[in-house]
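Subject: Structure handover

Hello,

Here is the structure for you to take over. Please look at it first; my notes on what was found follow below.

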Amino acid sequence: MSREYQVKESKEDIDKLMLTYFNFINGKYMEIALRSFAEREGYGQEIVFAFFQSDLDEYDMAQLPRPLDEKHVLIELGYPAVEIEQMAFLDFQTFYDYLDKNVKNEVEKNPEKTELINLLAEVRRSLCL
């Protein structure tokens, strides 16, 4: 993590950030990501990451513009995609809503991936929703 951040707060900006996130993890990485999220562990690929509070050590937490608590997920888009890292703090329900939409889109495109629906249910239980 670097020290310069842009925290995205508007729905439009967060939608763009999440679109980038899912462009990287859709397909072959979606199952891995969902398994991680079901354990409340973050997952990312290359330049985009989702972090839970337990993923960050004290140093990383101190670098954040605001604390990450146990009810939020941090989405981060970093270099080289952007010069200043972009991030969004999402409550679990909002994060789950993005997951739900993208998992359903993935299953629609690849009907054989029905296991993703079961993993999504595990994530929902893990997040206590």
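Strands E4 (72-77) and E5 (85-91) run antiparallel and are joined by six bridges. Strands here are DSSP runs (E, at least two residues), helices are DSSP runs too (H or I, at least four), and both are numbered from the N terminus. Two strands pair if DSSP finds at least two bridges between them.

Before the rest, some notes on the source. This is a predicted model, in which local features need pLDDT of at least 70 and side-chain atom pairs count only at pLDDT 80 or more, while totals for chains, interfaces and linings use all residues. Residues are numbered from 1 along each chain as its sequence is written, and side-chain values use heavy atoms, with hydrogens and water left out.

On its other pairing, E4 runs antiparallel to E3 (48-51), with four bridges. Leu-77 of E4 stands opposite Val-48, and the bridge partner of Leu-77 in E5 is Gln-86. Five of the six residues of E4 are buried (under 20% relative accessible area, with exposed meaning over 50% and partly exposed in between; 1.4 Å probe, protein chains only). E4 is therefore largely enclosed by the rest of the structure.

Gln-86, which lies in strand E5, is buried, at a relative accessible area of 16%. Leaving aside residues up to four places away in sequence, Gln-86 touches Gln-6, Lys-8, Leu-17, Ile-75, Glu-76 and Leu-77. Contact here means heavy atoms within 4.5 Å. Gln-86 and Lys-8 are 78 residues apart along the chain, yet their C-alpha atoms are separated by 6.8 Å.

Helix H1

H1 (11-25) has 15 residues. From its first C-alpha to its last, H1 reaches 21 Å, close to the 21 Å expected at 1.5 Å a residue; the expected span is 1.5 Å times one less than the number of residues. Its buried residues are Ile-14, Leu-17, Met-18, Tyr-21, Phe-22 and Ile-25. Seen down the axis, they fall within an arc of 135°, so they line one face of H1. The arc is that of the directions from the helix axis to the C-beta atoms. The face of H1 turned away from that buried side carries the exposed residues Glu-12, Leu-19 and Asn-23. The buried residues of H1 are covered by parts that include H2, strand E2 (43-45), E3, E4, E5 and H4. Just after H1, Gly-27 takes a positive phi of about 80°.

Helix H5

The twelve residues of H5 (115-126) should span 16 Å at 1.5 Å a residue, and the end C-alpha atoms are 17 Å apart, which agrees. Leu-116, Leu-119, Leu-120, Val-123 and Ser-126 are the buried residues of H5. They cover an arc of only 120° around the axis, which puts them on the same side of H5. These buried residues pack against helix H2 (30-38) and helix H4 (92-109). Cys-128, which follows H5, has a positive phi, near 60°.

The cores

A nonpolar core is a set of buried Ala, Val, Leu, Ile, Met, Phe, Trp, Tyr and Cys residues joined through side-chain atoms within 4.5 Å. The largest has 34 residues, and Leu-34, Phe-37 and Phe-95 have the most contacts inside it. H1, H2, E3, E4, E5, H4 and H5 each supply at least two residues of this core. H4 gives the most, with seven residues. Leu-34 touches Leu-99, Val-103, Leu-116, Leu-119, Leu-120 and Val-123, residues up to four places away in sequence not being counted.

Aromatic pairs

A search of the whole structure finds six aromatic pairs. Rings of Phe, Tyr and Trp (its six-membered ring) pair if their centres lie within 6.5 Å; planes under 30 degrees apart count as stacked, over 60 as edge-to-face and the rest as tilted. The rings of Phe-37 and Phe-52 have centres 6.2 Å apart and planes at 50°, so this pair is tilted. Phe-37 lies in H2 and Phe-52 in the loop between E3 and helix H3 (58-63), so the pair ties together parts that are 15 residues apart in sequence. Phe-37, at 0% relative accessibility, counts as buried, and so does Phe-52, at 3%. For Phe-49 and Phe-51 the centres are 5.9 Å apart and the planes at 20°, so that pair is stacked. Phe-49 is partly exposed at 28% relative accessibility, whereas Phe-51 is buried at 17%. One aromatic cluster is formed by Phe-37, Phe-52, Phe-92 and Phe-95.

Regards
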